[in-house]
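Please look over the structure below before reading on. The briefing that follows goes through it topic by topic.

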Amino acid sequence: MPDPTIAPLGTPIAPPGTPIEPPPIAPPPTPPLGTPEELHRMLVELVREFAPHRFAICEEHGDRVDGEVVAWGMAFAEGALLRCDDQSATGHFTSAESALRLFARTGRRLRLIWIDALPPATIP
């Protein structure tokens, strides 16, 4: 077993009298962000600001004879996630509106219904 007090071959040796640098000091721990209640309120505000907006794509049958939910989705600032109601497929789209346009290309009479207050409902 090698002697730990002897440097391996090729290791540069400091000239005599060179001060030895102490190991780096760890930064102090980050202090807590307020009381537990204050942190909870900050997290609630964060969630409210960045939460996705829920929506559904619905299909109209006949002349307002019936209708059904075709897919459920969540719209984020950077895109939308969609899951078909029959669980046959999921997808990622640039927006809820782009998902609606793609599904409507089949000739189906579809509507985009926003579940959450924002953005406003799209009426055909």
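**Cysteines and basis of the model**

Cys58 counts as buried because its relative accessibility is 19%, where buried means under 20% relative accessible area, exposed over 50%, and partly exposed in between (1.4 Å probe, protein chains only). Cys84 counts as buried too, at 13% relative accessibility. The structure holds 0 disulfides, a disulfide being a pair of cysteine sulfur atoms within 2.5 Å.

This is a predicted model, in which local features need pLDDT of at least 70 and side-chain atom pairs count only at pLDDT 80 or more, while totals for chains, interfaces and linings use all residues. Residues are numbered from 1 along each chain as its sequence is written, and side-chain values use heavy atoms, with hydrogens and water left out.

**Overall make-up**

- The chain has 2 helices and 5 strands; helices (H or I, at least four residues) and strands (E, at least two) are DSSP runs, numbered from the N terminus.
- Read from the N terminus, the order of the elements is α-β-β-β-β-α-β.
- Of the 124 residues in the chain, 18% are buried.
- The accessible surface of the chain is about 10300 Å², and carbon and sulfur atoms hold 64% of that surface; the areas come from the Shrake-Rupley method with a 1.4 Å probe, and for residues only the protein chains shown count as cover.
- Among contacts in the chain with a separation of 6 or more, 33% are between residues 24 or more positions apart; contact means heavy atoms within 4.5 Å.

**Strand pairing**

- Strands E1 and E2 are antiparallel and pair over 9 bridges; two strands pair if DSSP finds at least two bridges between them.
- In this pairing, His61 stands opposite Asp66 in E2.
- E1 and E2 form a hairpin with 4 residues between them, and Gly62 in the turn has a positive phi of about 65°.
- Strand E1 is also joined to E5, in the antiparallel sense, by 5 bridges, with Cys58 opposite Arg111 in E5.
- Strands E3 and E4 run antiparallel and are joined by 4 bridges; Arg83 has Thr90 in E4 as its bridge partner.
- E3 and E4 form a hairpin with 5 residues between them, where Gln87 in the turn has a positive phi of about 60°.

- In soluble globular proteins, nonpolar side chains tend to be buried together.
- Here the largest nonpolar core has 14 residues, and those with the most contacts inside it are Phe55, Ile57, Leu82, Leu112 and Trp114.
- At least two residues of this core come from each of E1, strand E2 (66–76), strand E3 (79–84), helix H2 (96–104) and strand E5 (110–114).
- A nonpolar core is a set of buried Ala, Val, Leu, Ile, Met, Phe, Trp, Tyr and Cys residues joined through side-chain atoms within 4.5 Å.
- Buried residues in H2 are Ala96, Ser98, Ala99 and Leu100.
- The cover over the buried residues of H2 includes E1, E3, strand E4 (90–93) and E5.

**Glu59**

- Glu59 is part of strand E1 (residues 53–61).
- Glu59 counts as buried because its relative accessibility is 13%.
- A polar contact of 2.9 Å links the side chains of Glu59 and Arg108; a polar contact is a pair of N or O atoms within 3.5 Å, and within protein one must be able to donate a hydrogen and the other to accept it, while residues adjacent in sequence count only if both atoms are side-chain atoms.
- Leaving aside residues up to four places away in sequence, Glu59 touches Asp66, Gly67, Glu68, Val70, Arg108, Arg109 and Leu110.

- Glu60 lies in strand E1 and counts as buried because its relative accessibility is 14%.
- The side chains of Glu60 and Arg111 make a polar contact of 3.1 Å.
- The side chain of Glu60 also reaches the backbone nitrogen of Arg64 at 3.1 Å.
- Not counting residues up to four places away in sequence, Glu60 touches Asp66, Gly67, Arg109 and Arg111.
- Glu60 and Arg109 are 49 residues apart in sequence, with 5.5 Å between their C-alpha atoms.
- Arg64 sits in the loop between E1 and E2 and counts as exposed because its relative accessibility is 65%.
- Arg64 has a phi near 60°, a positive value in a residue other than glycine.
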